[in-house]
Amino acid sequence: MAQIMTPVKWSQKIVMKGDDKGEVVFTATIAPGWHMYSNDVDPNIGPSPLSISFPTLKGVKLDGGLRPSAKPHVQYDDMFEAELRWWTNSVSISQRFTATEPDFKIAGNISFSACNDQNCIPPSKESFSLSGKAKIKADKAKEVDEADAKAADTAEVPARADSVAATDTVAAAVAPAVAIPSDSAVITDLWAPATAEVQQAESQQSTSLWYIFFTCFLGGFVALVTPCVWPMIPMTVSFFMKKGNGAKSRGDAFVYGLSIIVIYVAMGLIVTLAFGASALNALSTNAICNIIFFLLLVVFAISFFGAFEITLPASWSNKIDNAAGKTTGLLSIFFMAFTLVLVSFSCTGPIIGTLLVEAVSTGDTLGPAVGMFGFSLALAIPFCLFALFPSMLAKAPKSGSWMNTVKVVLGFVELALSLKFLSVADLAYGWHTLDREAFLVLWIAIFLMMGLYLMGLYNFKHYGKANSSIGVFRFFLAMISIAFAAYLVPGLWGAPLKGVSAFVPPLYTQDFNLYGRALTEYSDYDEGMRAAAEQDKPVLLDFSGYGCVNCRKMEGAVLDNDKVHAMIENNFVVIKLMVDEKKALPDPVTVSEYGREVILETYGDKWSYLQRHKFNANAQPYYVILDPTTGALLSGPFVYDENIAAFTRFLERGMAK
């Protein structure tokens with residue numbers, strides 16, 4: 001499975017504006033969910049800015065600096081304590097020039113970096129070579145003196161262009177490429193590709209589809225015990241039982257259940273088709289969409305608290321019900337199932353909406369369809385089960401006020417879940433209104449209030465007076481809710497809370513953290529591998545970057561965890577390679593990659609090449625565990641995932657081998 005990410009695609013063209021005037025237009029098409037840093041980002045802050053070098057300028061000289069087609073988005077980033085600038089979707093960068101000869105040539109390199117909410121690619125290079133013709137008289141071409149020619153070869157771009165600072169300096173010609181020395185680490189076994197091993201490791205990683213399925217399956221069972229669905233089960237099954245003989249009635253009930261599944265799966269497919277595969281992934285990481293998800297879940301929660309009901313137009317259900325009465329056979333049963341879906345929407349709608357939001361947030365294309373299959377399967381099972389065993393209907397719980405309790409509890413759960421999406425937006429925009437402490441305080445309040453509600457200490461006025469007399473099951477639910485609120489309290493002082501690490505904001509947003517410590521890390525691959533061989537310890541190889549925000553998130557939320565930190569410190573040698581390191585190599589190194597020669601000029605180039613060459617990957621953060629003597633893969637890869645339990649299993653697999 002290829003892991004090379006290419007979120008930015010470039011095209012170049014020459015546009016003549018007169019006989020000898022023209023401009024080179026570089027157009028970047030940026031993948032949904034990604035952003036490319038602009039040319040006026042301070043390179044000393046972290047992210048690598050866009051730069052364009054022109055080592056080859058024949059018969060042409062540059063006029064002015066780079067001119068972007070749009071101003072970059074400006075956003076303060078707390079991680080780097082500075083304003084960052086970037087573009088999304090697409091942008092064109094133009095460079096004006098004056099031709100000094102009838103036939104001219106322009107060649108060079110584009111250097112850029114990009115990130116999304118989960119990954120960053122290292123500073124990447126895109127080469128270009130363009131030629132054109134200008135209407136210049138021969139005698140005018142001869143007027144170009146040596147000073148102009150020299151300036152064209154080593155031209156400097158002015159400091160600013162319009163309202164956007166153009167900090168690019170046109171680089172001098174790249175130093176002659178040198179062959180890889182015979183003792184270079186690039187050709188040792190430690191650099192040997194581990195692509196096949198990486199693919200095998202990837203196939204062993206759990207997929208989010210199972211999580212979506214089981215979450216939605218559980219949601220379907222919850223929907224069953226709501227006031228809109230539960231009373232329909234005995235009514236519908238009794239209708240089928242009275243309609244004909246036992247075998248036929250059971251067959252009709254199965255068709256009814258299958259129709260429910262078909263309707264809900266179709267709903268999931270419609271969501272996927274409406275947004276598209278790439279849009280689903282963009283929705284999962286887009287801050288504005290996460291704000292919308294947050295507001296949507298809050299509305300669902302208020303609805304379950306009894307303030308109002310979310311219903312579909314009555315004309316819809318009436319039309320479907322009439323269609324069921326006019327048709328016969330399997331089509332009639334299908335319309336009956338459709339009627340159930342519409343009538344029960346006031347209860348199932350918020351649950352379905354929440355589950356679809358959660359499915360979309362995983363970014364998996366099949367998520368909505370798989371989620372709706374799990375939900376509908378749980379919803380259809382009772383109809384088929386009671387049709388097979390009609391006597392069970394008499395033992396089923398009767399409808400009553402307990403169903404309102406289910407709705408209120410669901411309201412609390414949806415309110416808590418909504419904060420997860422608000423947290424994503426808060427991190428993206430750097431508002432700092434929902435840091436880890438604020439998030440935990442709200443969750444503690446929500447689950448404490450839910451526990452007190454279950455104890456019968458209060459009720460919402462829409463559902464009548466509080467009932468101080470509660471059952472045993474409700475008592476245990478109240479105890480679990482209050483205990484969970486108590487479990488969250490130590491997190492206010494930096495406790496990792498690994499049981500909910502996938503939901504709460506990362507530890508780096510914690511103002512008061514008693515758990516953070518620094519690991520001993522090697523910054524050179526070969527040096528770290530030698531040290532690991534001497535200590536006889538496996539290597540935790542961390543591909544990171546100064547401009548990789550998600551790398552900082554992983555360090556704060558996972559690597560600073562007490563248990564994870566102890567496991568790494570006691571059992572591994574850590575090598576942390578910064579793929580955007582600007583320090584120049586003693587000598588440029590030429591390597592062959594994908595049939596072309598690539599010049600490695602900086603240590604960042606070298607470590608980025610190592611990641612591509614050995615693991616066929618180019619996104620950060622990226623963790624693997626290696627054998628110190630052979631460089632063979634022992635565990636991984638592990639990418640951005642703040643699930644502490646999953647990272648611990650990743651470490652344990654490496655230790656076991």
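This is a predicted model: local features need pLDDT of at least 70, side-chain atom pairs count only at pLDDT 80 or more; totals for chains, interfaces and linings use all residues.
**Group meeting talk: sheets and a helix pair**

Residues are numbered from 1 along each chain as its sequence is written, and side-chain values use heavy atoms, with hydrogens and water left out.

So, the overall picture. The chain has 21 helices and 19 strands; these are DSSP runs numbered from the N terminus, with helices being H or I of at least four residues and strands E of at least two. Buried residues, meaning under 20% relative accessible area with a 1.4 Å probe and protein chains only, make up 50% of the 657 residues.

Back to strand 18. Strand 14 (residues 539-544) and strand 18 (residues 622-626) pair in the antiparallel sense over five bridges; two strands pair if DSSP finds at least two bridges between them. They belong to an open sheet of five strands, in the order 13-15-14-18-19, with mixed pairing. Strand 13 (521-522) and strand 19 (633-638) are at the edges, each with a single partner strand, so one side of each has no neighbour in the sheet.

What lies across strand 13, strand 14, strand 15 and strand 18? That's helix 17 (residues 525-535), running at about 175° to strand 15 (573-578). Angles here run from 0 to 180 degrees between N-to-C directions, and axes are lines fitted to C-alpha atoms, for helices over the stretch in contact.

Four strands form an open sheet in the order 1-2-8-5, with antiparallel pairing. Its edge strands are strand 1 (8-16) and strand 5 (60-68), each pairing on one side only. Inside it, nine bridges join strand 2 (residues 21-30) to strand 8 (residues 90-99), and F26 stands opposite I93 in strand 8.

Last stop, a helix pair. Helix 15 (residues 436-454) and helix 16 (residues 472-488) pack at about 160°, with axes 8 Å apart. The two are therefore roughly antiparallel, the word for angles over 145 degrees. Who makes the contact, meaning heavy atoms within 4.5 Å? Helix 15 brings residues including W443 and F447, and helix 16 brings residues including L477 and F484. And that's my tour!

How values were computed. Angles under 35 degrees count as roughly parallel, over 145 as roughly antiparallel, 65 to 115 as roughly perpendicular and the rest as oblique. Contact means heavy atoms within 4.5 Å.
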